[in-house]
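Have the chains in view and follow along.

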Amino acid sequence: MKILVPVKRVIDYNLKPRVRSDGTGVDLSNIKMSMNPFDEIAVEEAIRLAEAGKADEVVVVSIGPAKAQETLRTGMAMGADRAILVETDDEVEPLAVAKILKAVVAEENPGMVIMGKQAIDDDSNQTGQMLAALLGWAQGTFASKVELDSDAVTVTREVDGGLETVKLGLPAIVTTDLRLNEPRFAKLPNIMKAKKKPLDVKSPSDYRVDITPRLKTLKVVEPPVREAGEIVPDVDTLVAKLKAMGAV
Amino acid sequence: MSALVLAEHDGGKLNPATLATVTAAAAVGGPVHILVAGGDDASAAADEAAKVAGVEKVLLASDAAYARQLAENVAPLVAGLMDGYEAFFAPATTTGKNIAPRVAAMLDVMQLSDIIGVEGPKTFTRPIYAGNAIATVESSDAKLVITVRATAFDKAAAEGGSASVEAVSGPGDAGLSTFVGLDATESERPELTSAGIIVSGGRALKDSATFEATITPLADKLGAAIGASRAAVDAGYVPNDYQVGQTGKIVAPELYIAIGISGAIQHLAGMKDSKVIVAINKDPDAPIFQVADLGLVADLFDAVPELTGKL
Ligand SMILES: Cc1cc2nc3c(=O)[nH]c(=O)nc-3n(C[C@H](O)[C@H](O)[C@H](O)COP(=O)(O)OP(=O)(O)OC[C@H]3O[C@@H](n4cnc5c(N)ncnc54)[C@H](O)[C@@H]3O)c2cc1C
């Protein structure tokens with residue numbers, strides 16, 4: 001089985017973005033960008049399935065600027081076999097991403113698509129579910145465990161009340177949660193090898209997908225800042241202050 | 001603008017997140033209907049939904065296919081009902097987040113996730129970048145599909161309404177997925193997202209026995225829910241559904257006590273709207289102190305038992 005893994009280039013998770021003072025958005029110039037952490041988990045899961053003999057090819061795909069090639073190379077350094085970049089400098093909303101991915105799926109015929117549950121920039125948590133809808137496939141979202149058989153995949157999901165297990169017919173979409181695995185670091189020889197792995201560059205128009213945004217961002221502002229309070233010297237003072245505030 | 005709200009329920013009882021979602025839907029203007037999709041036992045939740053203030057009608061879809069809220073089955077039901085509505089709202093719970101985008105794609109609508117404010121009939125605010133920026137966004141789609149951050153809206157009154165309950169049906173089982181089981185986290189405590197007080201523990205709690213021995217007595221004393229950082233969940237101190245943060249649960253209790261939690265941006269994203277924040281950490285430079293109303297620089301293994309004893 002082939003597994004397709006969509007990956008997104010986003011601000012590194014350790015960094016706090018600066019909101020532009022004119023309210024037009026977030027300033028990402030000269031900021032370290034990395035693979036969305038949930039997508040790293042998705043790549044790792046696909047590679048593990050390949051290593052276990054349950055998948056024979058792992059293809060990473062990204063929709064974004066030319067620089068997203070770096071993100072795809074990272075995926076290949078981790079172990080993916082080849083990559084597709086659907087190149088555009090426009091902002092592509094989850095619905096349009098799902099439509100492009102649907103077209104990629106039609107070309108590639110994967111048995112499963114494994115992707116992150118959310119991107120840490122727009123925090124939408126939509127694309128996997130949308131792709132599943134457009135394809136008419138089952139979806140195992142927020143996965144903390146994936147067991148692949150020949151005709152079905154059993155997915156344990158992190159839900160508000162605990163852990164839910166569902167069984168999905170194939171092909172299916174899986175979106176990853178934090179506990180699914182711990183992604184490996186690419187080793188230097190693999191980073192070198194990844195440079196030679198095939199990377200196809202396409203454009204949204206190759207797939208005849210209209211990526212015109214449906215949402216218009218009117219402004220982006222900083223959230224209200226929370227003032228730091230006071231440091232209390234001891235537990236007695238803490239208790240007294242809490243009581244005075246009526247908090248306990 | 002007429003709005004359909006997806007009820008979150010466990011058969012018998014309505015989840016309070018539904019009430020906050022009703023408030024958000026009502027703010028858009030126009031009548032609000034609630035859809036209760038569930039198994040045979042869902043009529044109790046529908047009766048409860050009918051009493052919610054401001055709700056005009058309750059649609060009840062009882063079918064074994066909807067009992068477990070499988071998105072593959074519930075989304076086509078919702079999409080089929082949307083001919084009669086201009087907006088669909090679901091709480092941004094794991095159930096809502098699973099179902100709503102599937103509905104949006106079926107309707108060819110770009111969803112607005114996790115809204116925290118209603119600025120106009122098609123204009124909403126939502127946090128991005130782990131809450132480090134707030135975007136005001138306007139939709140140009142013919143219909144709206146929205147998930148609602150429950151902590152950002154007051155709950156609609158659970159009593160006072162007298163909506164009619166109408167039975168509806170949908171395509172039923174899509175034949176794509178089956179429910180296997182739920183390993184539910186058993187707890188007598190208040191539910192995390194609706195608790196008035198939360199005591200949260202981080203990596204510093206060492207292991208599950210130490211977490212239990214340190215955090216539980218304080219939570220018991222305060223009648224509090226227990227939360228955790230990702231690090232504490234990853235290390236197996238507590239179950240996954242205790243995680244507070246950008247990618248876990250969003251909470252805003254009256255009092256949030258962060259114990260041995262450093263205050264990474266991903267954690268702050270989930271709790272910084274709490275009314276009073278207390279932090280106990282031995283590192284005076286821990287970022288959690290930048291949002292805490294009251295900070296205590298101390299070893300938690302001394303301070304927490306002392307605090308429990310003195311409350
Ligand atoms: C994609 C992604 C999503 C994430 N989502 C979330 C999320 O939703 N929620 C979340 O919480 N995190 C999330 N994280 C993780 C986050 O970045 C941090 O790693 C995590 O919050 C750290 O947890 P912690 O504060 O318990 O641990 P640490 O950062 O290790 O902090 C432990 C703290 O305990 C203090 N300490 C140690 N011993 C004692 C003692 N004896 N007494 C007092 N204090 C002590 C230390 O000074 C330190 O400040 C996410 C990360 C990524 C990449």
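Q: What makes A:Arg214 and B:Asp141 a salt bridge?
A: In this predicted model, the closest N and O atoms of A:Arg214 and B:Asp141 are 2.7 Å apart. The rule asks for a side-chain nitrogen of Lys or Arg within 4 Å of a carboxyl oxygen of Asp or Glu. A:Arg214 and B:Asp141 therefore count as a salt bridge.

Q: How many salt bridges does the rule find across the interface of chain A and chain B?
A: There are six salt bridges across this interface. The rule for polar contact finds 45 residue pairs there.

Q: Which classes of residue make up the side of chain A that touches chain B?
A: That side has 40 nonpolar, 14 polar and 24 charged residues.

Q: How do you know that chain A and chain B are in contact?
A: Contact means heavy atoms within 4.5 Å. By that rule, 78 residues of chain A touch 81 residues of chain B.

Q: What is the area buried between chain A and chain B, and which residues of chain A lose the most?
A: The buried area is about 6,600 Å², and carbon and sulfur atoms give 57% of it. In chain A, the residues that lose the most area to chain B are A:Asp160, A:Arg214 and A:Arg226, together 12% of what that side buries.

Q: Why are β14(A) and β8(B) called a pair of strands?
A: Two strands pair if there are at least two bridges between them. β14(A) and strand β8 (residues 133-139) of chain B have six bridges, in the antiparallel sense, so they meet the rule. As one example, A:Lys216 stands opposite B:Glu138.

Q: What makes strand β9 of chain A mostly covered?
A: A residue is buried when its relative accessible area is under 20%. In β9(A), residues 138-148, nine of the 11 residues are buried.

Q: Which strands of chain A does β9(A) pair with, and in which sense, parallel or antiparallel?
A: With β12(A), residues 172-176, β9(A) has four bridges and runs parallel; here A:Gln139 stands opposite A:Ile173. With β10(A), residues 152-159, β9(A) has five bridges and runs antiparallel. In that pairing, A:Ala143 has A:Arg157 as its bridge partner.

Q: How many residues lie between β9(A) and β10(A) in their hairpin?
A: Three residues lie between the two strands of this hairpin.

Note on methods:
Residues numbered from 1 in each chain as written. Chains lettered and ligands numbered in written order. Predicted model: local features only at pLDDT ≥ 70, side-chain atom pairs only at ≥ 80, totals over all residues. Heavy atoms only, no water. Buried < 20%, exposed > 50% of the residue type's maximum accessible area, 1.4 Å probe, protein only. Buried area = accessible area lost by both parts, 1.4 Å probe. Polar contact = N/O pair within 3.5 Å; in protein donor to acceptor, adjacent residues only side chain to side chain. Nonpolar A, V, L, I, M, F, W, Y, C, P; charged D, E, K, R; others polar.
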